[in-house]
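Subject: Structure handover

Hello,

Here is the structure we discussed handing over. Please look through it alongside the notes below.

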Amino acid sequence: MSLRVQLLLLQAVIVCLATLGTGVVAASLQAQAIRDAYQDRMVAVAQSVARLPAIRDAMDDVDPAAVIQPIAEVVREASDVTYVVVTDAQGLRYSHPDPARIGERVSTDPSVPLSGEIYVGTQTGTLGQSWRVKVPIYAPDDVSVIGTVSVGTLESTLTNDFLSTVPWLLLAVVGSAVVGVFGAAWVTSIVRRRIFRLEPAEIATLVEQRETMLHRIGEGVITVDESGVITVVNDAATRLLGVPEAELLGRPAAEALEPALVDVLDRGEPEGSLVLAGERVLIARSTGTTVDGARAAATLLVRDHTELHAALRDMDGAQSLTDGLRAQAHEFANTMHVVSGLLELDLHDEAREFIAGAVPGGAMGSGTTRPLLGEFELSALLAVKSAQARELGIGLEVRDEAGRHERADGESDHDLVTIVGNLVDNAMEACALGDRIVVTAAADEASVTVVVEDDGPGVPETLRERVFIEGVSTKEPAAPSGPHRRGIGLALVRRVVGRRGGSVALDSSPLGGARFTVRLPVRAGVRS
């Protein structure tokens, strides 16, 4: 059964049941209203007859019925009741619609009105079952009861009066049901249009696919409504942003997200823009929150660029290592040619001195195998950077002033590798052919200090405070936005240093260029 038929039938059943219930209640109220109206009329008639002076005076006559019967019949016909019966204190009738019953004792108990009370109820008498009222007749002193007046209407009359109203009631009920069914059909049509005429199975499939797409893909998805409030967040988004879902859902995007992400979200970036979220480098895309000048719902897509960025850096490092090894092999071949020539000329002492003066490790080596700041990875990084700088015609000098500084737990401090790698890359991009870069490492029991300085153009004083802000760079931008956006490395350095509780400062170097000074507290497990 289609959803349209189900909705229509369910609503039709509800409407019919509600209408039927309303009709039953209305019929009950109508029947009670008819009964109440007859009761009010009978009470008024009975009390009026009981107070008539002619009735009271006739009670002492030799033939009371001769006076009372005509009066009772006139009143009965005028008030449209079935009977008006007047009795004495012994219950003997003085009036009755059937004159043959006059002088007989009433067939029902008269004790209630004879006690001075008013009786209202249904009883069966000589004319049949009737709804009746009985009131006392008081003597002129208004104290003693000298008789009763009973006024009644047959139950069949009440039933006939009620049945006369039933057709109109049924018409109203049926009309309401018909209007309700047509209204249900209209509501069903509206609901179907709003759910794009999909069936329940199709809706369930769409929901399952949506949940699968949102929570199993690696790309982060964040959706905001027209007010800028976050309405949808998938698992990848919480992982990439490092923020629990509960702290994102229902909050304004301007408060919950990084300013760079909010900028991409508002501006709209279909091609993607490189942004920094925490310590992660992300590519963010957005549909934009403004359409034709009006606020609109928008979706922000974020993809992790950190691993790709690291892979590209590793590839650059491997290329630099290859170039360095090629240069080392070339230098070693030249050395062998010089030694061979000196031996051919029998210049043995000169050959021995030349060999002794050669630098161990060639183009890739520095003559020592001691790790810098206790980090072999850091030493390897700087060895590759030295070879890369040599290929660019830039001098890279490493000064180890830390002495013996080793990690007791044998673990690598990847934060140092990240910091030094970004600072050296930044310096190499700023330097030109013939420039010089100096990396100085120092340590004590409390902190580790790394200084990276160069004799390049330096950083203008007006930018020194802003150069650590994401997107700010002294170099020509590759593009205003996109995956090659500049101004990421130094911002990442500041965030890593801040997380470690350290500091980073920028000033002018005695060499003539810029000098970056990083101080990090010594981590647990490090000894100097």
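Start with H13. Twelve of its 17 residues are buried, so H13 is largely enclosed by the rest of the structure. Buried means under 20% relative accessible area, exposed means over 50%, and partly exposed lies in between (1.4 Å probe, protein chains only). Helices (H or I, at least four residues) and strands (E, at least two) are DSSP runs, numbered from the N terminus.

A word on provenance. This is a predicted model: local features need pLDDT of at least 70, side-chain atom pairs count only at pLDDT 80 or more, and totals for chains, interfaces and linings use all residues. Residues are numbered from 1 along each chain as its sequence is written, and side-chain values use heavy atoms, with hydrogens and water left out.

**H13**

The buried residues of H13 are Asp415, Leu416, Val417, Ile419, Val420, Gly421, Asn422, Leu423, Val424, Asn426, Ala427 and Met428. The expected span of a helix is 1.5 Å times one less than its number of residues.

Asparagine 422 deserves a look. It belongs to H13, which runs over residues 414–430. Asparagine 422 counts as buried because its relative accessible area is 10%. A polar atom of its side chain lies 2.8 Å from the backbone oxygen of threonine 418.

**H3 and what follows it**

Helix H3 covers residues 64–79, 16 residues in all. From first C-alpha to last it reaches 22 Å, close to the 22 Å expected at 1.5 Å a residue. Which residues of H3 are buried? They are Pro64, Ala65, Ile68, Gln69, Ala72, Glu73, Arg76 and Ser79. Seen down the axis of H3, these buried residues fall within an arc of 145 degrees, so they line one face of the helix. The arc is that of the directions from the helix axis to the C-beta atoms.

What do the buried residues of H3 pack against? Their partners are helix H1 (3–51), helix H2 (53–58) and strand S1 (83–88). Contact here means heavy atoms within 4.5 Å. On the other side of H3, Val74, Glu77 and Ala78 are exposed.

Proline 70 also lies in H3. At 43% relative accessibility, proline 70 counts as partly exposed. Its C-alpha is separated by 8.1 Å from that of serine 95, 25 residues apart along the chain.

Aspartate 80 follows H3. Its place is in the loop between H3 and S1. Its phi is positive, about 55 degrees, although aspartate 80 is not a glycine. Aspartate 80 is exposed, with a relative accessible area of 52%.

**Another positive phi**

Aspartate 346 has a positive phi of about 60 degrees, although it is not a glycine. It sits in the loop between helix H10 (306–344) and helix H11 (348–357). At 58% relative accessibility, aspartate 346 counts as exposed.

**H5**

Aspartate 161 lies in helix H5, residues 155–194. It is partly exposed, at 27% relative accessibility. Not counting residues up to four places away in sequence, aspartate 161 touches Ile34 and Tyr38.

**Cysteines**

How many disulfides are there? The count comes to zero, where a disulfide is a pair of cysteine sulfur atoms within 2.5 Å. Cysteine 16 is partly exposed, at 36% relative accessibility. Cysteine 431 is buried, at 10%.

**Whole protein**

The protein has 14 helices and 18 strands. Buried residues make up 39% of its 528 residues. Among contacts between residues at least 6 apart in sequence, 56% join residues at least 24 apart.

**Confidence**

The mean pLDDT is 84, and 87% of residues reach 70 or more. pLDDT is the predictor's confidence in each residue, from 0 to 100. Over residues 361–369 the pLDDT is below 50, and this stretch has 18 contacts in the model beyond near neighbours in sequence. Over residues 478–484 the pLDDT is also below 50, with twelve such contacts. Where pLDDT is low, the predicted coordinates should not be read in detail.

Best wishes

Note on methods:
Polar contact = N/O pair within 3.5 Å; in protein donor to acceptor, adjacent residues only side chain to side chain.
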